[in-house]
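The sequence and the structure are shown below.

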Amino acid sequence: MLDAPQPTSTEPCLDPFALAKALSGKHFIGGKLVPALSGATFAVVNPATGEEVARAAEGDARDVDAAVKNAAEAQKAWAKVPARKRGALVYQAAGLIRTHVEELSRLVALETGKALRTESRVEANNVADIFEFFGGLGGELKGESVPFGPEVLNITVREPLGVVGAIIPWNIPMMLMALKAAPALVAGNAIVVKSAEEAPLAVLRIVELMNRVLPPGLFNIVSGQGPSCGAPLVEHPLVKKVTFTGSVETGKIISKAAAEKLIPVTLELGGKSPMIVFADCDFEKTVAGALTSMRFTRQGQSCTAASRIFVERPIFDKFVAEMGKRVDAMVMGDPLDEKTDIGTIISPGQFSKVKAFIEEGKATAGATGRACSAMPADAALKKGLFIQPHIFTGLTKDSRLVREEIFGPVTVVFPFDDADAVLAEANDSEYGLAATVWTSNLKTALRFAHELEAGLVQVNQNLVVQPNLSYGGVKASGLGKEASLESMLEHFTHKKTIMVNMA
Ligand code: NAI
Ligand code: MG
């Protein structure tokens, strides 16, 4: 069963336009690139120019059914492969991602508009890292023994769930797929991924590459629209677990459909993450931290973006001014250009949504929205979905800009005078994904770390997901954790109890 198919060239393709065309119109099902059964396709657009760069297969329930049936068949044999051997194969397949990092970085930059140097390359390296991390964890799929006496053997074993359905978004598509596929596969499951409409190519390429090492049928991907391709995946009777990253609204729909089938779901949803800056912070490090926390290099298209920043009053004016100055120094431009810090918004829909927030903020009495950086001058980019980063001050707490996830390069900054009050304000959100605290006072840092309602609190730093640290939100930000050993055990296996009476 371990024969690997060899679908396309093994050489990395550094021309993302050529690669996008080569991957056009295909799902990856049962070890092969295949078109949609209906023959339908939809456009994949370069958001930096508005040009179509590829077509994607437009999957529907029939394609999903084929993928899930292939996965279910392959999973039976995969579950019997010793867990460390499964992990070793996933690790080996990750090697193909390592050798294709540059290719994948360019491809994802082309389809998402995320800058190559600051974002896309970082993401591709993280993907290899995540698969390698989980590849090393096969041996941890072990059970317990429970002593009831010398003539009784009570043990638990970890069994895979079967076929996992994974629905992913477009903001960090490769990494979010890896966080689901790596633990699912190592734990002995097969997986069918439904890619995001806006970013179907790099993830397809990863599945194709890894299938050169993995047995066919285990790792499948379909592209298509949410309701006509994602929903049938969730509803398919052979799908035994669903893992989703995306909006709260879609998360609720998926959760209801999973409840009908009584299958478990993991949901990684939105955020409105607070950043709390005390006057005793390391000023330089903290201003730099505000830029990374807000994910300006990803156009703020991040569920953990520090989209509410609270700064202690004595340093408020200086902090806001310095932040603006530093964002001004960031270069907006062609995502594939090494000089570019900030690329584009993903799609016309998201573009209009973010613009509407900015207009609403500007129209609010007493509020100031500072537009930072500069629109790219290059005429070839005039149809690109570029939005200048905006830093708002003077908004009131009931503003939509303060309460809702914008998912764009827009942050709101408030001064504060009192630690108790700012803690209450930070927690006054339907979301609870991440938070950061910046101070040199360890007592304050720990108090906030404990009292902030969030799945992840970082003090004096804001790093992206780190393998082996559980990641996931509370409140409307989701259910369940990803990225760690425990998350693999909890969300991709079930614990079976075996009792043997030898008396
Ligand atoms: P979305 O949640 O609608 O889409 C994410 C994925 O779900 C896509 O693959 C989509 O095709 C699929 N989907 C949509 N409807 C579905 C359904 N009925 N059944 C099954 N699958 C379905 O997010 P969208 O529309 O791309 O973005 C809207 C907002 O969601 C953003 O502005 C942002 O606020 C938030 N978002 C949050 C993300 C996160 O990382 N937590 C990622 C992307 C979006
Ligand atoms: Mg949607």
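Axes are lines fitted to C-alpha atoms, for helices over the stretch in contact, and the angles between their N-to-C directions run from 0 to 180 degrees. The model discussed here is predicted.

**Helix packing**

Helix α4 (residues 101–112) and helix α5 (residues 116–135) have axes that come within 8 Å and cross at roughly 125°. Because of this angle, α4 is oblique to α5. The crossing of the two, α4 and α5, is right-handed. On the α4 side, Val 101, Glu 102, Leu 104, Ser 105, Arg 106, Val 108 and Ala 109 take part, meeting Leu 116, Ser 120, Arg 121, Glu 123, Ala 124 and Asn 125 of α5. By class, the residues of this contact divide into six nonpolar, three polar and four charged.

For helix α2 (residues 61–80) and helix α8 (residues 226–235), the axes likewise come within 8 Å, and they cross at roughly 35°. The crossing of α2 and α8 is right-handed. Ala 61, Val 64 and Val 68 of α2 make the contact with Ser 228, Cys 229, Pro 232 and Leu 233 of α8. Six nonpolar residues and one polar residue form this contact of α2 with α8, with no charged residue.

**Ligand surroundings**

Around ligand 1 there are 26 residues, of which Trp 170, Lys 194, Glu 197, Lys 353 and Glu 405 come nearest.

| Residue and atom | Atom of ligand 1 | Distance |
|---|---|---|
| Ile 168, polar backbone atom | oxygen | 2.8 Å |
| Glu 197, polar side-chain atom | oxygen | 2.7 Å |
| Gly 246, backbone N or O atom | nitrogen | 3.3 Å |

Technical notes:
Residues numbered from 1 in each chain as written. Chains lettered and ligands numbered in written order. Predicted model: local features only at pLDDT ≥ 70, side-chain atom pairs only at ≥ 80, totals over all residues. Heavy atoms only, no water. Helix = DSSP H or I, 4+ residues; strand = E, 2+ residues; numbered from the N terminus. Parallel < 35°, antiparallel > 145°, perpendicular 65-115°, else oblique. Left-handed = near helix turned anticlockwise from the far one by under 90°. Contact = heavy atoms within 4.5 Å. Nonpolar A, V, L, I, M, F, W, Y, C, P; charged D, E, K, R; others polar. Near = heavy atom within 4 Å. Polar contact = N/O pair within 3.5 Å; in protein donor to acceptor, adjacent residues only side chain to side chain.
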